[in-house]
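Trainee: I have a model open on my screen. Please show me how to read its features.
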Amino acid sequence: MVNNRTLRRGTRALALGATALGMVTAMALPAAADSSPTRKELIADCASGLGKCSFNDPVLGKAYLGDFRQVSDSLYNCSTSPATQSMTWSDTVGSTDSVGVSVTAGGKIADIINLSVTANYSHTWSSSHSETSSLNMTVQPGEVGWISRAQVMQTVSGTWQTHYDSPKWGHYYWYVPDTVTGPAPNGTEGVSNAVVVKSRKMTESEKTSCAANGRKGTYRLSR
């Protein structure tokens, strides 16, 4: 055992005996070491298909509501009375792995995870969710309003197994643990997506901008 946090390696003869495999840490390899892969190299081989990969023993984490983020334009009310307007909003939420790398929808990595989750939990896993709708929003005089949305999120943890037809970095098999965070269906474990209207007072510079541009009504600015 060289290290014990990130990667595991194994020969063909020991492929079925995971407990007999050694471990190495890709993040802490000596600069001159060329016999052990980095985590990035192994995942890249999974994504390209150079390595025959599977995502083993997936474990779904508890569903939770993600952070709110602005999903519409901002509506500035430069008038002296409340302004109501229908605002269109759109939101796309993706997935990231344990080191913050995006898991692309429709890519090989996403497909492998979905296959594993489906086999173990009898429902599909999605690496991305998009939604668009509209909402009436009322903004008070001298305020800025916008629409924010929060998506139900969930983690899936497992171990990547990379199998090569010929030894690479000295072994047929390499293993790397990973946790992917992505959108979950609305209502998962009783947690629901949320869409809210938010507002704040204009700053002095924003008020000045209203006056300088002769704004007597409302106007919108892109996010």
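Mentor: Ground rules come before features. This is a predicted model: local features need pLDDT of at least 70, side-chain atom pairs count only at pLDDT 80 or more, and totals for chains, interfaces and linings use all residues. Residues are numbered from 1 along each chain as its sequence is written, and side-chain values use heavy atoms, with hydrogens and water left out.

Trainee: How do I read burial on a helix? Which residues of helix 1 are buried?

Mentor: Start with the terms. Buried means under 20% relative accessible area, exposed means over 50%, and partly exposed lies in between (1.4 Å probe, protein chains only). Helices (H or I, at least four residues) and strands (E, at least two) are DSSP runs, numbered from the N terminus. Now the case. Helix 1 spans residues 39–48, and its buried residues are R39, L42, I43, D45 and C46. Seen down the helix axis, these buried residues fall within an arc of 155 degrees, so they line one face of helix 1. The arc is taken over the directions from the helix axis to the C-beta atoms.

Trainee: What does the face of helix 1 turned away from its buried side carry?

Mentor: That face carries the exposed residues K40 and S48. Look also at what comes after the helix. G49 follows helix 1, and its phi is positive, near 90 degrees.

Trainee: Next, strand pairing. How many bridges join strand 12 to strand 13?

Mentor: Two strands pair if DSSP finds at least two bridges between them. Strand 12 (residues 152–168) and strand 13 are joined by 12 bridges and run antiparallel.

Trainee: Why is strand 13 described as largely enclosed?

Mentor: Count its buried residues. In strand 13 (residues 171–183), 10 of the 13 residues are buried, so the rest of the structure largely encloses the strand.

Trainee: How do I read the disulfides, and what is the count?

Mentor: A disulfide is a covalent bond between the sulfur atoms of two cysteines. The working rule here is a pair of cysteine sulfur atoms within 2.5 Å. By that rule, there are 2 disulfides. Counting bonded cysteines along the chain, the pattern is 1-2, 3-4.

Trainee: Where are the sulfur atoms of C46 and C53 relative to each other?

Mentor: They sit 2.1 Å apart, and the two cysteines form a disulfide. The angle about the S-S bond is -85 degrees, and the link is left-handed. C46 counts as buried at 1% relative accessibility. C53 is buried as well, with a relative accessible area of 17%.

Trainee: Which parts does the pair of C78 and C210 tie together?

Mentor: Take the geometry before the location. The sulfur atoms of C78 and C210 are 2.0 Å apart in this disulfide. The torsion about the S-S bond is about -55 degrees, so this disulfide is left-handed. C78 lies in the loop between strand 6 (74–77) and strand 7 (83–93), and C210 lies in helix 3 (residues 204–212), so the pair ties together parts that are 132 residues apart in sequence. C78 and C210 are buried.

Trainee: Last topic: charged pairs. How many salt bridges are found?

Mentor: A salt bridge needs a side-chain nitrogen of Lys or Arg within 4 Å of a carboxyl oxygen of Asp or Glu. The whole structure holds 10 salt bridges. One of them pairs R39 with D178, the closest N and O atoms being 2.8 Å apart. The pair links distant parts of the chain: R39 is in helix 1 and D178 in strand 13, 139 residues apart. R39 and D178 are buried.

Trainee: What does K168 meet in a salt bridge?

Mentor: K168 meets D45, at 2.8 Å from N to O. This pair also links distant parts of the chain, with K168 in strand 12 and D45 in helix 1, 123 residues apart. K168 counts as partly exposed at 25% relative accessibility, whereas D45 counts as buried at 8%.

Trainee: And which salt bridge does K207 form?

Mentor: K207 pairs with E204, with the closest N and O atoms 3.8 Å apart. The two are 3 residues apart in helix 3, about one helical turn. K207 is partly exposed, at 39% relative accessible area, and E204 is exposed, at 58%. Finish with the network of salt bridges that links R69, D91, E131 and R149.
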